[in-house]
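Biologist: Please put the model up, and I will ask about its contacts one at a time.

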Number of protein chains: 2
Amino acid sequence: MSVVKVGLLGLGTVGGGVVKTIRAQQEKLSARLGRRIEIVKALVRDTRKQRAVQVEPSLLTTRFADVLESDVDIVVEVMGGVEPTYDYVRALIQKGCHVVTANKELLAKRGAELVELANRHGVHLAYEASVAGGIPILGVLRQFLRTNDIAEVRGILNGTTNFILSQMEEAQLPYADVLKRAQELGYAEADPRADVEGWDALYKLYILAQLVFGESLPLSAIERQGIADLSQGHIRLAKELGYRIKLLAQARREDGGLHLSVRPTLVPLGHPLARIRDAYNAVQVEGSLVGDLLFTGKGAGELPTASAVVEDLAFLLTQPFTPHPAWRERPTAVPSSRLSSGLDFCFLEGTEARVTPEQVLLFLERAGVAVRRLTVQYDPGSVLRVGLLAAGLREEHAELLGRDFGLQARLYPVLEAADDRGAVEGTVGW
Amino acid sequence: MSVVKVGLLGLGTVGGGVVKTIRAQQEKLSARLGRRIEIVKALVRDTRKQRAVQVEPSLLTTRFADVLESDVDIVVEVMGGVEPTYDYVRALIQKGCHVVTANKELLAKRGAELVELANRHGVHLAYEASVAGGIPILGVLRQFLRTNDIAEVRGILNGTTNFILSQMEEAQLPYADVLKRAQELGYAEADPRADVEGWDALYKLYILAQLVFGESLPLSAIERQGIADLSQGHIRLAKELGYRIKLLAQARREDGGLHLSVRPTLVPLGHPLARIRDAYNAVQVEGSLVGDLLFTGKGAGELPTASAVVEDLAFLLTQPFTPHPAWRERPTAVPSSRLSSGLDFCFLEGTEARVTPEQVLLFLERAGVAVRRLTVQYDPGSVLRVGLLAAGLREEHAELLGRDFGLQARLYPVLEAADDRGAVEGTVGW
């Protein structure tokens, strides 16, 4: 039986999972492919390091040249990062090697070049594992796009931040403690910024936009707001108003414009996306024909990601090459306020001595802001916290509230009115 | 540009949707396929009938021979039924024609022969549209199966019955009134038996089992219970105990045995499947690697189904032929009580004069049945209704309660204990 020679760039958690999966499914895969999958080289930082998965020492190398020269048919890129990863992947494509990658940062930053290069050399570039881990959302969207027009995709694309927000609410612990816990559990990196500042979700959203719309905004033009400054106060006041705060990624095409954003967003408690707990991901999409669909599953982790990688690998081996549509960037965004329900949530924090809720309301009324609902919370330490839902709120109002009353004010979008019956009843309706 | 000649068997609701979809997406499809899709013949009952979609009269025929002789490349079978459909499809396969069908009954009753025949003649047999309409569940499962082992699939596979059960609860109307309403809205057929007796869900479950396990029980060996005898009493008492009644289809392989069932099942109110409303479908699956996933969307309707048909059509035109695994039937089932939580729900109805709840409890205690929770309801008309959750309930107990106390007793499985926190919080956890 002929052999498919696979090279690995990186042999960390996901890389180890890929090796385990290929071994565990070898028989099934060979039967389907008519070929044996064999790992012939693995690029690692340290060949002597102890690993969860046992690998023949002769396969390990610290020199990329060894991978390039072992003329592999397919490379699985799970080393992450952009440099030197991009140069490695480019060199392999130029040698006619198919590429399977789980690297969302690489795709979001250099995807356009890689797609163009892969097309030019007639090799597959597969990246199902880069978005929503075990949820095969890219394949599903490709399938819909054969017949459907898709106007919007949104979801919870980062498991780490969703875990942190769930834990903050359920264990009622401050952000810092929960982050520490997430790091101990391996849900968060030692340097958590890529997750908690929203970069990871942003990269995934960019990839989704390229797939669904054939274009995206440049990364720098996508609204991004992290979760690091969310407190128990935010979570409690939002909940009193009927919402749960989720780090929501949204992409919509409208009036020929693109709206893309990754922001902590108030989701009605009854909405399906509000019920996604822990490290789960969810993607909601509406097709012109199929209507609205919701996909929920584990967004990350060794095995779900490895599974997606090996599915890609097995799939491309059965597929004739077809060129990818080029990835394009559109320089200007349409303000993504348009993505929200028209309502915004304003979280205010300050010293009771200096301001009363009445003053805040009076100020907003004069500023022409229509406050729909409001909830107030006093702390022993005489700290005043106000959460309000209003239409017509703008950043300038937040600034003025800060200047005139010494309040810290922060705005967050609201997905839907919490009284939306459909949502409360838990349909997938928009 | 070369042409793909498509024949239609049937031009009803879904057939009309297929025509509309092909026309609306013609440009996109031609670009992807490099060929124009052209409908060359459509088999109908009555060529003069008024139709929602305008079709060149010369394309319409009442003679199957006309379709066969117009040597089509692909036939889209949306006429439904088994006879004469099976003979038509077989004749077309034997002519080397690819088949796309949405006909779950045909597949469940003659799928084994059709798969074998298609393999022998090297033609595609595509049927994504036959299960869960717009949710591309078959494609997703095929993808997982490349690398995952799947032990269980379950879901809400029939939109009509889910609509009826949702409406009975929300509008608090009796079954008959809601069924009438569903028929007026086009959610239910004039003859609703295929839906309300569980046949439609049963056929879909059979197809899922063939795909996931490579085998199924014979249709006659699959436990099936319809919804026609469910009353407001059932719904209310179940809800008081923390559950919602759903027509749940479940397939599990265990200890080398298969458990398949379609039954009204008590689902905890907090469980994601309890929140699927109206005509929506949902499929829950657990992969050995990807973990648990939930897919939700519209299960039927002209456009979702037509979309799935055209997706299949476009997909198979880009695929090399690969034989399907043979469909097998395994004669014996393992009792599907094993699918439930170990608890059962017993709904009792009778005349207060003849029996008290205490007598029922005493009887069950003596019979060795452990009653966990119980709720009682007296009607003005002195009708007594009892709903109880118990372990160790068997049909014979129901019969004895009928004989000794003149009670109508009916048993229903319970998916999970309602206090399962994960479920209540709405994760997809099992």
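Biologist: How many salt bridges does the structure hold over all chains?

Modeller: This is a predicted model, in which local features need pLDDT of at least 70, side-chain atom pairs count only at pLDDT 80 or more, and totals for chains, interfaces and linings use all residues. Residues are numbered from 1 along each chain as its sequence is written, chains are lettered from A and ligands numbered from 1 in the order in which they are written, and side-chain values use heavy atoms, with hydrogens and water left out. A salt bridge here is a side-chain nitrogen of Lys or Arg within 4 Å of a carboxyl oxygen of Asp or Glu. Over all chains, the number of salt bridges is 58.

Biologist: Which residue forms a salt bridge with Glu113(A)?

Modeller: The two partners are three residues apart in helix H5 (residues 104-121) of chain A, so about one helical turn separates them; helices (H or I, at least four residues) and strands (E, at least two) are DSSP runs, numbered from the N terminus. Glu113(A) is partly exposed at a relative accessible area of 32%, where buried means under 20%, exposed over 50% and partly exposed in between (1.4 Å probe, protein chains only). The closest N and O atoms are 2.8 Å apart, and the partner of Glu113(A) is Arg110(A).

Biologist: Are Glu184(B) and Lys180(B) buried or exposed?

Modeller: Their side chains meet in a salt bridge, 3.0 Å from N to O. Because they are four residues apart in helix H8 (residues 175-184) of chain B, about one helical turn lies between them. As for accessibility, Glu184(B) and Lys180(B) are both exposed.

Biologist: What is the area buried between chain B and chain A?

Modeller: In contact terms (heavy atoms within 4.5 Å), 48 residues of chain B meet 48 residues of chain A. Buried area is the accessible area (1.4 Å probe) that two parts lose on being put together, summed over both. Carbon and sulfur atoms give 52% of the total, which is about 4200 Å².

Biologist: Which residue of chain A forms a salt bridge with Lys28(B)?

Modeller: Two salt bridges are found across the interface of chain B and chain A. In the one made by Lys28(B), the closest N and O atoms are 3.3 Å apart, and the partner is Asp149(A).

Biologist: Which element gives the most to the side of chain B that touches chain A?

Modeller: There are 24 residue pairs in polar contact between the two chains, both residues at pLDDT 80 or more. A polar contact is a pair of N or O atoms within 3.5 Å; within protein, one must be able to donate a hydrogen and the other to accept it, and residues adjacent in sequence count only if both atoms are side-chain atoms. Elements of chain B that each supply at least two residues to this side include helix H2 (26-33), helix H6 (137-145) and helix H12 (302-316). With eight residues, the one that gives the most is S12(B).

Biologist: With which side chain does the side chain of Gln377(A) make a polar contact?

Modeller: Gln377(A) sits in strand S16 (residues 370-378) of chain A. Its relative accessible area is 11%, so Gln377(A) is buried. The polar contact is at 3.3 Å, with the side chain of Arg236(A).

Biologist: Where is Ala132(A), which has a positive phi?

Modeller: Ala132(A) is not a glycine, yet its phi is about 60°. At a relative accessible area of 0%, Ala132(A) is buried. Its place is the loop between strand S6 (125-126) and helix H6 (137-145) of chain A.

Biologist: Which residue is joined to Glu83(A) by a cis peptide bond?

Modeller: The residue is in the loop between strand S4 (74-77) and helix H4 (85-94) of chain A. Omega is about 5°, and the residue is Pro84(A).
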